[in-house]
Amino acid sequence: MPRTTSCLFLLNLLVGCRSDHITTEDETAIKDVLERQEAAWNRGDIRGFMEGYHQGPDTVFTSSAKIRRGWDATLAAYEAKYVEGDAMGQLDLTDFEIQSVGGDGAVVMGRFILTDTPQASTGVFSLVFARQQGAWGIIHDHSSAETKP
């Protein structure tokens, strides 16, 4: 077999072996992103919390019946609603369900509980994670708070 044909065969073989599902290690990495976000929030660090999102114009954040497009718009929404520091309250992210969307994507559903702040609430979230340049991050966030009686 000529060298070029051998290389193409090997490349096709390697691409064909690529997983269409995320691994246990990927799930752990995704949960680590969420744990870092929770820790940043609880120390009053909005920008640290935002490190869980891929920084770019394609990031989407949906809450309070509004759609915000881009990392900057997402940051602005958080900064407008929450004062950095103790006034942000305490965040608890729980009940993660991770579903693979190919080898470089995942949907994560879970619950949030926000206490010790005038904006206290509970609700659910759906996050779309993507692996970009080897790192997992949120590209789409849809958070929905429970309605208050």
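Visitor: Why does R111 count as partly exposed?

Guide: This is a predicted model, and in it R111 comes out at 31% relative accessibility. Buried would need under 20% and exposed over 50%, so R111 falls in between and counts as partly exposed.

Visitor: And how do you know that E146 forms a salt bridge with R111?

Guide: Look at the closest N and O atoms of E146 and R111: they are 3.1 Å apart. The cut-off is 4 Å, so the pair qualifies as a salt bridge. E146 sits in the segment after β6 and R111 in strand β4, 35 residues apart, and the pair links distant parts of the chain. E146 is partly exposed too, with a relative accessible area of 42%.

Visitor: What makes R47 and E79 a salt bridge?

Guide: Their closest N and O atoms are 3.9 Å apart. With the limit at 4 Å, that passes, so R47 and E79 are called a salt bridge. R47 lies in helix α3 and E79 in helix α4, so this pair ties together parts 32 residues apart in sequence. As for accessibility, R47 has 47% and E79 has 38%. Exposed starts over 50% and buried is under 20%, so R47 is partly exposed, and E79 is partly exposed as well.

Visitor: Why is R43 called exposed, and why is D45 called partly exposed?

Guide: R43 has 55% relative accessibility, and exposed means over 50%, so R43 makes it. D45 has a relative accessible area of 22%. Buried needs under 20%, so D45 is partly exposed. The side chains of D45 and R43 meet in a salt bridge, at 3.5 Å from N to O.

Visitor: How many salt bridges does the structure hold?

Guide: There are 5 salt bridges in the structure. One part of that picture is a network of salt bridges that links D26, D104 and R131.

Visitor: Let's stay with D26. Is it buried or exposed?

Guide: D26 has a relative accessible area of 9%. Under 20% means buried, so D26 is buried. You'll find D26 in helix α2.

Visitor: What makes the pairing of D26 and W136 a polar contact?

Guide: The side chains of D26 and W136 are joined at 3.4 Å. A polar contact has to be within 3.5 Å, so this one counts. Leaving aside neighbours within four places in sequence, D26 is in contact with G103, R131 and W136.

Visitor: On to the pockets. Which residues lie nearest the centre of the largest pocket?

Guide: F61, Y78, Y82, F112 and S143, out of 31 lining residues. The largest pocket holds about 580 Å³ of space. β6 gives the most to its lining, with 5 residues.

Visitor: How many residues of that lining are nonpolar, and how many polar or charged?

Guide: The lining of the largest pocket has 17 nonpolar, 8 polar and 6 charged residues.

Visitor: And what is the volume of the second largest pocket?

Guide: About 170 Å³. The second largest pocket is lined by 14 residues, with V33, R36, G48, E51 and G52 closest to its centre. Here α2 gives the most to the lining, with 4 residues. By class, the lining of the second largest pocket divides into 6 nonpolar, 5 polar and 3 charged residues.

How values were computed:
Residues numbered from 1 in each chain as written. Predicted model: local features only at pLDDT ≥ 70, side-chain atom pairs only at ≥ 80, totals over all residues. Heavy atoms only, no water. 1 Å grid on protein atoms, 1.4 Å probe; cavity = no way out; pocket = protein on both sides within 12 Å on 5 of 7 lines; lining within 4 Å. Points joined across faces, edges and corners; volume = space filled by probe spheres on them. Helix = DSSP H or I, 4+ residues; strand = E, 2+ residues; numbered from the N terminus. Nonpolar A, V, L, I, M, F, W, Y, C, P; charged D, E, K, R; others polar. Buried < 20%, exposed > 50% of the residue type's maximum accessible area, 1.4 Å probe, protein only. Polar contact = N/O pair within 3.5 Å; in protein donor to acceptor, adjacent residues only side chain to side chain. Contact = heavy atoms within 4.5 Å.
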